[in-house]
Amino acid sequence: MPSNSSWFQRFLLPGLALKAVIIGGGYATGRELAEYFVPSGPWGGLSAMLLATLIWSVVAAVTFALARKMGAYDYRAFFQGLLGPGWVAFELAYLIFVILILAVFGAAAGAIGAATFGWPELAGSILLAISIVAFTAFGTDIVETLFKYASMLIYAVYALFLIFALTSFGGLIADGFANAPPPSGNWVAGGLTYASYNIVGAVIILPVLRHLTSQRDAVVAGIIAGPLTMLPAILFFVAMMAFYPAIGAETLPSDFLLRQMAVPGFHILFQLMIFAALLESGVGAIHAINERVSGVVEARGRPPLGTGARAAIGGVILVGCMFVAARIGLVDLIASGYRFLAWLFLIVFVGPLLTIGVWRLLRPAPVRMETLP
């Protein structure tokens, strides 16, 4: 691994990349937050989010450390090392995941284009697909650059979002928390479900771990990744509590809150930020597939995938996923598909990682016997 990696590349880039994959269509628009956290109320929702953050940090730290120990920087190599012949089970689960999340991203982009600019819903989906193909075509370096600068935009806009929410309806937010009972509903299940289907992002972003220089780097980067990923969601959720519980029924909670703020120009800026979040999430998912295919190609003694091949793979996948988005819609995709994914990844990823993976990390390295002359 490179010895000249920067502090940013070693400790922050993995967390920003994980955030890039997770923020996606539902998180950025608030739809996922409405589905999994709002039903538990203000304090229950925050408790569930903190639980999910803890799970992300633990799983990311173990994943990063195991990947570095095995030298596995794409998901195929990682699961071959973790599951042996059973790696195919994750491959199938990941394909289902990609189809679902890209369909969610397409539906969200279409909804944003329609709500903000009055476009036909298909137009927003097509624009997102073209943008994802353009970024993934040029490989890891351009993907990392996107993660860096899109993250700066996202954190800045979410900070402004909370500031404008506090100035516009801060009293309602305070009342929402002050009048709320202790954590209610099945907040533990909400946190576990949300964490489980999203934490697969820890293996999607393995290509950016090539900057790590030690196992300590891997563990620290994983621990930091959880809070980095959840921070924008917590800011968003706090603002949503001004209109609890009615906001749970909104298809685009972000759009609803922006209308209440009525800050000139900020509505468009926020929607552009959501598009950037959708873009980096989609890029992360497609880039993982490109790196997986390129790894197989290189293992056979051939050159890595070029720009044209990467663009073609991304284009084929996106066309199918956007069709699913147009047929089903954002709310139904999140409500029905994500719980299934949570169980799927608990079985093929989290369970094996926290048992077989931890055992392999703790197992001492075999002693090499020197051959006597």
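**View 1. The second largest cavity takes up about 40 Å³ in this predicted model.** A cavity here is a set of points on a 1 Å grid over the protein atoms alone where a 1.4 Å probe fits but cannot get out, with lining residues having an atom within 4 Å of a point. Points are joined across faces, edges and corners, and the volume is the space filled by probe spheres set on them. Searching the whole structure turns up 2 cavities of 30 Å³ or more. Two or more lining residues come from each of α7 (140-178) and α12 (266-299), and α12 gives the most, with 3. Helices are DSSP runs (H or I, at least four residues), numbered from the N terminus.

**View 2. Helix α3 (residues 41-70) crosses helix α4 (residues 75-83) at roughly 90°.** Their axes, lines fitted to C-alpha atoms over the stretch in contact, with angles from 0 to 180 degrees between N-to-C directions, come within 10 Å. So α3 is roughly perpendicular to α4 (65 to 115 degrees). Thr 63, Leu 66, Ala 67 and Met 70 from α3 meet Phe 78, Gly 81 and Leu 82 from α4, contact meaning heavy atoms within 4.5 Å.

**View 3. Helix α5 covers residues 87-117.** Just past α5, Gly 118 has a positive phi of about 75°.

Residues are numbered from 1 along each chain as its sequence is written. In this predicted model, local features need pLDDT of at least 70 and side-chain atom pairs 80 or more, while totals for chains, interfaces and linings use all residues; side-chain values use heavy atoms, leaving out hydrogens and water.

Technical notes: On a 1 Å grid over the protein atoms alone, a cavity is a set of points where a 1.4 Å probe fits but cannot get out, and a pocket is an open set with protein on both sides within 12 Å along at least five of seven lines; lining residues have an atom within 4 Å of a point. The expected span of a helix is 1.5 Å times one less than its number of residues. Angles under 35 degrees count as roughly parallel, over 145 as roughly antiparallel, 65 to 115 as roughly perpendicular and the rest as oblique.
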